[in-house]
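Let's walk through this structure together, moving from a single side-chain pair out to the larger elements. Please keep the view open as you read.

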Amino acid sequence: MTAEILDGKQIAAAIRAELAQEIADFVQKTGVTPGLATVLVGDNPASVSYVTAKGRTCQELGMQSFQHTLPASLSEQELLELVDRLNRDRQVHGILVQLPLPKHIQESRVLYAMDPNKDVDGFHPVNVGRLLIGEEIFPPCTPAGIQELILRSGTPTDGAEVVVVGRSNIVGKPIAVMLMQKKRGANATVTVCHTRTRNLAEHTRRADILIVAAGAPKAVTAEMVKPGAVVIDVGVNRIGTTESGKPKLAGDVDFDGVRAVAGKITPVPGGVGPMTITMLMRNTLRAARLQVEGRS
Ligand code: NAP
């Protein structure tokens with residue numbers, strides 16, 4: 001068997017086209033253009049490229065982008081004051097503070113200072129709580145992208161065995177919570193694995209849907225996958241440099257080996273990555289609806 005490629009770029013492009021139309025309708029109806037403020041502290045190259053892509057995508061879809069690029073020496077107090085200004089700015093519907101922040105700034109203080117109704121990344125504890133009880137407004141972007149990929153590829157989740165490798169607050173835990181909800185596109189039986197899991201392969205081999213967010217290249221190999229399984233590779237690992245000097249990327253799954261066993265598989269790059277930014281755009285439109293129309 002050779003697995004079908006789940007093309008995140010193509011699926012993300014289709015969702016972006018739908019969003020662009022929804023945004024145009026919203027602007028026409030309300031006279032308000034949804035706005036996303038991005039905050040970048042320092043010049044970490046990966047963060048710079050993520051923030052640039054987020055700003056560009058905002059504009060492509062007809063939304064406003066307000067980019068705040070600040071030096072790594074910025075104090076925590078100055079950053080909190082900026083967040084406070086953005087909380088009160090009526091043109092700004094969504095706020096995204098690019099992580100990681102420099103070590104002298106406590107990330108949780110900055111996230112907690114954000115207006116939960118502008119927290120389009122979904123990391124504020126209020127939004128984490130909303131997600132847990134199944135009443136989310138802003139599902140975190142990478143897990144939301146994974147769920148949308150699963151849905152749009154026609155993969156049934158109802159009663160499916162889902163195994164998640166990784167338990168981080170930004171990917172592993174939220175995707176596990178989302179897929180176990182009593183909802184459409186969920187209703188799965190979810191197992192979460194991590195570095196203390198005894199016999200990882202025993203779990204992964206049971207998965208109808210295997211989601212790998214470990215941050216470790218080849219953490220999952222062919223013999224760990226059930227034939228026909230849907231494999232979502234979230235990992236982004238720099239494994240060298242291309243001839244043109246760009247970083248060479250690989251996921252957490254041994255792609256060539258697993259492709260011969262799985263039913264469907266996401267590539268890296270071009271799988272989960274494009275979906276993440278698209279979900280951020282969806283959350284920004286939701287934030288604008290919430291603030292302008294009182295509903296998301
Ligand atoms: P993280 O915070 O480092 O968490 C990794 C998790 O995987 C931890 O729970 C860890 O277990 C577990 N783990 C690591 N190696 C393992 C192994 N060999 N077997 C079993 N479990 C293992 O990482 P993250 O933030 O969730 O990100 C995961 C990966 O996704 C990274 O490569 C990251 O770059 C990528 N990512 C991609 C996107 C995107 O948009 N494409 C977005 C976010 C993240 P312990 O808890 O026991 O340490």
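Which side chain does arginine 88 meet in a salt bridge? Its partner is aspartate 84, at 2.9 Å from N to O; a salt bridge here is a side-chain nitrogen of Lys or Arg within 4 Å of a carboxyl oxygen of Asp or Glu. Both residues lie in helix α3, 4 residues apart, about one turn of the helix. Arginine 88 is exposed at 58% relative accessible area, while aspartate 84 is partly exposed at 38% (buried means under 20%, exposed over 50%, partly exposed in between, with a 1.4 Å probe and protein chains only).

A word on the source: this is a predicted model, where local features need pLDDT of at least 70, side-chain atom pairs count only at pLDDT 80 or more, and totals for chains, interfaces and linings use all residues. Residues are numbered from 1 along each chain as its sequence is written, and side-chain values use heavy atoms, leaving out hydrogens and water.

Glutamate 76 also forms a salt bridge, with arginine 109, the closest N and O atoms being 2.5 Å apart. Glutamate 76 sits in α3 and arginine 109 in α4, so this pair ties together parts 33 residues apart in sequence. (Helices are DSSP runs of H or I with at least four residues, strands runs of E with at least two, numbered from the N terminus.) Glutamate 76 is buried at 15%, whereas arginine 109 is partly exposed at 44%.

Now look at the sheet: 6 strands form an open, parallel arrangement in the order β1-β11-β8-β7-β5-β6. β1 and β6 stand at the edges, each with a single partner strand, so one side of each has no neighbour in the sheet (strands pair if DSSP finds at least two bridges between them).
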